[in-house]
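Please look over the sequence and the fold before reading on. The paragraphs below go through the strands, then the ligands, then a single side chain.

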Amino acid sequence: MDFSVIKESVGAVPFDEIKKQREYTLLVRTVVDSRFKNSPKAYVHTYGCQGNVADGERIKGMLREMGFVFTDSPKDADLVLYNTCAVREHAEDRVFGNVGALKPIKEINRDLKIVLCGCMMQQKKVADKIRMSYSFVDIVFGTHVMHRFPEFMYRMYCTGKKVFEIGDSAGVIAEGLPVSRDSSFKAWVPIMYGCNNFCSYCIVPYVRGRERSRSSKDVLDEVKEVIKSGYKEITLLGQNVNSYGKADGEMDFASLLREINDLDGDFMIRFMTSHPKDCTRELIDTMAECKKVAKHLHLPVQSGNDRILQEMNRHYTREKYLDLVRYAREKMPSLSITSDIIVGFPGETDSEFDDTLSLVDEVKYTSLFMFIFSPRDGTAAAKMDDPVSHAEKVKRFKKLEELQAKNSIEIASSMKDKVYRILCDTDCGKGLLSGKTEGNMTVTFEGDPDNVGKFLNILITESNSWNLKGKII
Ligand code: SAH
Ligand code: SF4
Ligand code: F3S
């Protein structure tokens, strides 16, 4: 292992700590080599957002260096790791269900190790519940101590005892962790961690700590490395990328985008998520000018009603949001805009929901992620009066879904007979491939599996509903 490649970085976990963890990695490797005839197998599953997926790739990097290989089946594994999400109750229920399902597997394979980490585990109440009711779990660790995973593994293997480490810092930046990327052509590159916005419904600031940006040097080094390795799509990640660098003023997000755009190579840059309150005209101008930046803006609106937006603590109005959309479309006529919407925020009336419908109809999103409000312990909205029934919220949700389906069909139809450059990302089998347009719309077409990972020009031949079909030209 080459320690010389790990450099100490601004605001990062100290170099000595990362080095110590690399030493634990080697120790675990020795233990693993002596215990297993063949390389042990790890099943790793990540829930939640792309930021969590990026963490998962670092966790896999650490496991790989500890001597593990990966399997797609928990039944076949020597170690199962769930990297969890806490954003909605449903996400947490799924994790509890899947962890529960490991109990009979562990009864058959007593040597199976079970590790839980990620946002859910950063909540004390969840960690306590695991400790009390899921005693077959071996390691639980929170988001702030992820870089110490090798140390936890060493403790578990050497003492046989359970490890519970949540960590209560405001958050750190851990540079120099190994990464095992899931794809060979799409790379996730975190540029910042945490969130300071405290939208009233959201658990993220509580489980991810304060907003902090990686140094531009660390980001650029990682980007250069993935470009050199042949990656074609680079997605810059943060809960609010528009406030990148704000705390230290070293470089803002627009400048970072320009620097990456200027690097040599045939690749596409994406980013998420943009908070409308911090999405400036300058950023939109930058997007428009930078050829390698995909003309796709994920700009979560959450609601189309000013009172609800204020209750959500979002710091923009419907009009300000629509202004931004108009400006962006003026600068980039082909721009695809997507969004997140919460239906049934506490106290949302029928007419306030109608404002969301009318905004959605005005913006014409290419796609929407819609969620029914889920109260999260500790957040301000969880304490608000919520007189609207779940059945009513489901009704509203369906209305929104129908409207979006109509808009998606219209957008898809307008793409027929036009040519789009897509990155082919999936071999669907039986001679069918699929890929995404710059605007992040999926297109299916016939072709050789060799095309996966390549940019192709595709003529859209059919647009049945929002299903796009095309052919390579
Ligand atoms: N940082 C991003 C969003 C992260 S969470 C942003 O500000 O846009 C992803 C989405 O989950 C949010 O945009 C929101 O629509 C949804 N979400 C978050 N908390 C939720 C809750 N308590 N109930 C329902 N949906 C929620
Ligand atoms: Fe949550 Fe708001 Fe932060 Fe997004 S900006 S992560 S919705 S608190
Ligand atoms: Fe979920 Fe944590 Fe992301 S709560 S949405 S995995 S930051």
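Which residue stands opposite Leu 432 in β17? In this predicted model, the residue facing Leu 432 is Glu 446. The two strands concerned are β16, residues 432-437, and β17, residues 442-446. They pair over 5 bridges, in the antiparallel sense. Strands of a sheet pair through backbone hydrogen bonds, and the pairing can be parallel or antiparallel.

This pair is part of a closed arrangement. The barrel consists of 5 strands, which follow one another in the order β15-β16-β17-β19-β18, with mixed pairing. From one strand to the next, the twist averages 50°.

The side chain of Arg 88 has an N or O atom 2.9 Å from an oxygen atom of ligand 1. For Gln 302, a polar side-chain atom is 2.7 Å from an oxygen atom of the ligand. Ser 374 takes part through its backbone: one of its backbone N or O atoms is 2.7 Å from a nitrogen atom of ligand 1. On its own, ligand 1 has 540 Å² of accessible area, of which the protein covers 90%.

Ligand 2 has around it Cys 195, Asn 197, Phe 198, Cys 199, Tyr 201, Cys 202, Val 204, Pro 205, Gln 239, His 275 and Arg 314. In this shell 7 residues are nonpolar, 3 are polar and 1 is charged.

Around ligand 3 are Cys 49, Asn 52, Cys 85, Ala 86, Val 87, Cys 119, Arg 208 and Gln 239. Here the classes come to 5 nonpolar, 2 polar and 1 charged.

Glu 175 sits between β6 (163-165) and β7 (186-190). Is Glu 175 buried or exposed? Its relative accessibility is 8%, so Glu 175 counts as buried, the cut-off being under 20%. The side chain of Glu 175 also has a polar partner, the side chain of Arg 214, at 2.8 Å.

How values were computed: Residues numbered from 1 in each chain as written. Chains lettered and ligands numbered in written order. Predicted model: local features only at pLDDT ≥ 70, side-chain atom pairs only at ≥ 80, totals over all residues. Heavy atoms only, no water. Near = heavy atom within 4 Å. Nonpolar A, V, L, I, M, F, W, Y, C, P; charged D, E, K, R; others polar. Pairing = 2+ DSSP bridges. Helix = DSSP H or I, 4+ residues; strand = E, 2+ residues; numbered from the N terminus. Axes fitted to C-alpha atoms, helices over the stretch in contact; angles between N-to-C directions. Polar contact = N/O pair within 3.5 Å; in protein donor to acceptor, adjacent residues only side chain to side chain. Areas by Shrake-Rupley, 256 points an atom, 1.4 Å probe, with all protein chains shown as cover. Buried < 20%, exposed > 50% of the residue type's maximum accessible area, 1.4 Å probe, protein only.
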